[in-house]
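I opened this notebook to record what I looked up in one structure.

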Amino acid sequence: MSLAFKNQNIQRSEQKQKIQSLLEAAVERHQNGNLAAANMIYEEIRKIDPDNVVALQLSGVLACQVQQYEASLSLFSRAIYLKPDYAEAYNNRGITFKDMGQFDDALANYSKAVSLKPNYIDALYNCGIALQQLNRLDEAIVSYSKAISLRPNYVKALNNRGNIFKDLDRLDEALEDLSKAVKLKPDDAVALNNRGLVLRGLGRFEAAMSDSNAAIVLNENFAEAFHNRALVLKDLECLEDALVDFNKVISLKPDDREAYSNRA
């Protein structure tokens, strides 16, 4: 081995070590919410190695977080061009499209991520979200179910699938999912509130009231929980108490037409 070739190997090794060290520092700052500092380090890495797919991908995540969506898409697309099987970049590009309200494009990217990594739980969950937004509810159930089969304690997926079951009037299945979500995360006010809705639909008014009360204890400004409790109070003919809750909803959400209608 020539001395020049040996020196090149040493330089490449040192550069690789430097980039790895910078990446670790950037990720630490990114995770701690110091986005400006993280971005500076990502940019430094990309100056050293413009084709570093990890730095490109993480820069895309950060750009999405600060709502620089076009820059985010450009960074993800560059990473994918350099590494066509980069499932994480497809998933995160999908999140950018989702935040832009472009759910068809989001779904296409999530689906590509799943095709590359069939057990990619986060991408399966994200597929469910996009399908739900596109009102493709049966397909959304399938996607959430795959995610839950891989991660049985996936509270967000259980909550979302339970809400779809509720919307489809499959109340027993909805109750099962939402009860699992509450058992796994008893302090999840959203899951409690959603279960309360289902219990009301099943005519179990006292249990529905209990869930609404618990959700309000966890979040004293949870307008939806006050609204749902007001509806239960109305069902129980406790009209004065229902009015108090409807007034609370309107104070929290002055543009809530449904609350005005129900109060009337």
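**Entry: aromatic pairs.** I searched the whole structure and found two aromatic pairs; rings of Phe, Tyr and Trp (its six-membered ring) pair if their centres lie within 6.5 Å, and planes under 30 degrees apart count as stacked, over 60 as edge-to-face and the rest as tilted. Tyr125 belongs to helix α7 (residues 121-133) and Tyr144 to helix α8 (residues 137-150), so the pair ties together parts 19 residues apart in sequence. Ring pairs join Tyr125, Tyr144 and Tyr154 into a cluster.

**Entry: basis of the values.** The model is predicted: local features need pLDDT of at least 70, side-chain atom pairs count only at pLDDT 80 or more, and totals for chains, interfaces and linings use all residues. Residues are numbered from 1 along each chain as its sequence is written, and side-chain values use heavy atoms, with hydrogens and water left out.

Entry: Are Tyr125 and Tyr144 buried or exposed? I take buried as under 20% relative accessible area, exposed as over 50% and partly exposed as in between (1.4 Å probe, protein chains only). Tyr125 is buried at 9% relative accessibility, and Tyr144 is buried at 0%. A nonpolar core is a set of buried Ala, Val, Leu, Ile, Met, Phe, Trp, Tyr and Cys residues joined through side-chain atoms within 4.5 Å. The largest such core holds 65 residues, and those touching the most other members include Tyr144, Tyr154 and Ala157. I also noted a second, separate core of 11 residues, with Ile41, Tyr42, Ile45 and Ala55 among them. Beyond its neighbours within four places in sequence, Ala157 is in contact (heavy atoms within 4.5 Å) with Tyr125, Tyr144 and Ile148.

**Entry: Ser143.** Ser143 lies in helix α8 and is buried at 7% relative accessibility. Its side chain reaches the backbone nitrogen of Gly128 at 3.5 Å. Leaving aside neighbours within four places in sequence, I listed Leu124, Cys127, Gly128 and Leu131 as contacts of Ser143.

**Entry: whole chain.** The protein chain has 15 helices and zero strands, where helices (H or I, at least four residues) and strands (E, at least two) are DSSP runs numbered from the N terminus. Buried residues make up 42% of its 264 residues. The C-alpha atoms fill a box of roughly 90 × 35 × 30 Å along the principal axes.

Notes: Polar contact = N/O pair within 3.5 Å; in protein donor to acceptor, adjacent residues only side chain to side chain.
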